[in-house]
Amino acid sequence: MKLENEDALDNLVICHRCHTLHKEITIEDGSKACCRECGTVLYRYDSRLAEHGLALSIAALIFFAVANFFPLVKIEILGHEQFITIPKTFVGLFDSGFYIVGLICSFLIFIFPLMIFSIYSVVFLLLKLRIGEKLSKELLVLLSHIMPWSMSDIFLISILVALVKLIGYAQIHMGIAFWALIAFVLLDLYVTRTIHVSEIWMLRKRVFLKEKPE
Amino acid sequence: MIEVKEDELIRCPICEAVNIDKGKENECRRCGSSIYKHQTFQTEKSWAFLITAIIAYIPANLYPMLITKQFGATEGSTILGGVIMLWERGSYPIAAIIFFASIVIPVTKFLILFYLLISVKYPLGKDKKVNKHKLYYMTEVVGPWSMIDVFVVAILAALIHLANIEIVAGTAATAFALSVFFTLLAAHAFDVRLIKENK
């Protein structure tokens, strides 16, 4: 295979699932390109990616704030009422001396999701304003490092499992935060499924290449 | 003009840019992160994490995960004990979820990583038509779900601490969380390029 220079490598895509090599082709706005071997989406083209991404990540941050400040579930056992919030679950672990689990949980369900969406919104804002070439690069590298460690979706399923375990012992009331968490998880899944990190890199290249034509 | 062979192209694990494999020190041309630079000890790092995870998985199964203090009586239940209790009580779907998340997924992940780590060193299963890339991808996607049990314990412990009834996390919670943490690290430390070399 012959290439003009190293930058021509940007026209190639390797499927992240089965590692098949593809040549990138221009596709219509709003459509996607799939792997010919396993059918995984390789990339999408969205001419307004920065705007969409910014809107989605700000919405996700709002839902995240609601999910953390308000009670998640409230239970009634023998006349006693108890409620939990997301921070309370890992603070509770700290209180009972489980520092390691508490630390791991606080990172997985609180710090990393918060960081991911803050980074998303900052990066999209930078790309929209066409500033911060270096900062956006560092943020994107950080983003890929912490992406696999965010577990809000798993936490949501855990809440359901925990509640099913309690059925029969206690009366359960869902709080606002629970619905906010569902909205947050749905947005999280939507964003991570539809906006691939490589697409943000491609957008970044388009944005900053226009800035300084050499 | 530069001439590249197709199998010399590698994917940056951080930003997914396609790079030319230059052998020892690969720096991604787009994001600048080094791509698996530990050439001298290719699989050892992954092995170390995997063995730590397996060691942590043993106490995770022996010690109680959940301790229920009810009217002065303390009762602990291990992971498997909890699953059996749920099954007997008739909550089959929940028992199945917990069983899958805390036993099937970690064990299969250990086995898959074991297989991958051995097969890249020794020509094991070379002619079998197993797509090792897909196998690896699967462990990455399914792996985090084993955290369910730890989260459930955290939620129950935070939710139920009344005067008479109290649920506390057990020693196994720490061991299990560490085990999951180290399996994730082991999977990340695995050099995907080795799969290709030994195809």
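Which residue in β8(A) is the bridge partner of A:Glu76? I will come to that after a word on conventions.

This is a predicted model, in which local features need pLDDT of at least 70 and side-chain atom pairs count only at pLDDT 80 or more, while totals for chains, interfaces and linings use all residues. Residues are numbered from 1 along each chain as its sequence is written, and chains are lettered from A and ligands numbered from 1 in the order in which they are written.

Chain A, then. It has 7 helices and 8 strands; helices (H or I, at least four residues) and strands (E, at least two) are DSSP runs, numbered from the N terminus. Along the principal axes, the C-alpha atoms of chain A fill a box of roughly 75 × 40 × 30 Å.

Of the 214 residues in chain A, 32% are buried. A residue is buried if 20 or more other C-beta atoms lie within 10 Å of its own, exposed if 12 or fewer, and partly exposed in between, with C-beta atoms placed from the backbone. Among the contacts in chain A with a separation of 6 or more, 61% come from residues 24 or more positions apart. Two residues are in contact if their C-beta atoms, placed from the backbone, lie within 7 Å.

Back to the opening question. The partner of A:Glu76 in β8(A) is A:Gln171. Strand β6 of chain A, residues 73-77, runs antiparallel to β8(A) and is joined to it by 4 bridges. Two strands pair if DSSP finds at least two bridges between them. The open sheet here has 3 strands in the order β7-β6-β8 of chain A, with antiparallel pairing. β7 (80-84) and β8 (171-174) of chain A are at the edges with a single partner strand each, so one side of each has no neighbour in the sheet. On average, neighbouring strands of this sheet are turned by 20° against each other, direction ignored. Axes are lines fitted to C-alpha atoms, for helices over the stretch in contact, and angles run from 0 to 180 degrees between N-to-C directions.

Next, helix α2 of chain A, residues 86-95. Its buried residues are A:Ile86, A:Thr89, A:Phe90, A:Gly92 and A:Leu93. Seen down the axis of α2(A), these buried residues fall within an arc of 145°, so they line one face of the helix; the arc is that of the directions from the helix axis to the C-beta atoms. What do they pack against? In chain A, the buried residues of α2(A) pack against α1 (49-69), β7 and α3 (99-129), and in chain B against α5 (148-159) and β6 (165-169). Just after α2(A), A:Gly97 has a positive phi of about 90°.

That leads to the interface. There, 49 residues of chain A are in contact with 48 residues of chain B. α5(B) gives the most to the side of chain B that touches chain A, with 10 residues. That side divides into 35 nonpolar, 6 polar and 7 charged residues. Ala, Val, Leu, Ile, Met, Phe, Trp, Tyr, Cys and Pro count as nonpolar, Asp, Glu, Lys and Arg as charged, and the others, Gly among them, as polar. The two chains also share strand pairing: β1 of chain A, residues 2-3, runs antiparallel to β1(B), with 2 bridges. A:Leu3 has B:Ile2 as its bridge partner in β1(B).

Chain B has an open sheet of 3 strands too, in the order β5-β4-β6, with antiparallel pairing. β5 and β6 of chain B are the edge strands, each with a single partner, so one side of each is left without a neighbour in the sheet. The twist averages 20° from one strand to the next. β4 of chain B (residues 66-70) pairs with β5(B) over 5 bridges, and β4(B) pairs with β6(B) over 5 bridges. B:Thr68 is opposite B:Glu75 in β5(B), and B:Gln70 has B:Ile165 as its bridge partner in β6(B). Strand β5 of chain B, residues 73-77, is hardly covered, with 0 buried residues among its 5.

Last, two positive phi values outside glycine. A:Arg130, with phi near 60°, is in the loop between α3 and α4 (133-146) of chain A. Is A:Arg130 buried or exposed? A:Arg130 is exposed, with 12 other C-beta atoms within 10 Å. B:Glu16 has a positive phi of about 70° and lies in the loop between β2 and β3 of chain B. B:Glu16 counts as buried, with 22 C-beta neighbours inside 10 Å.
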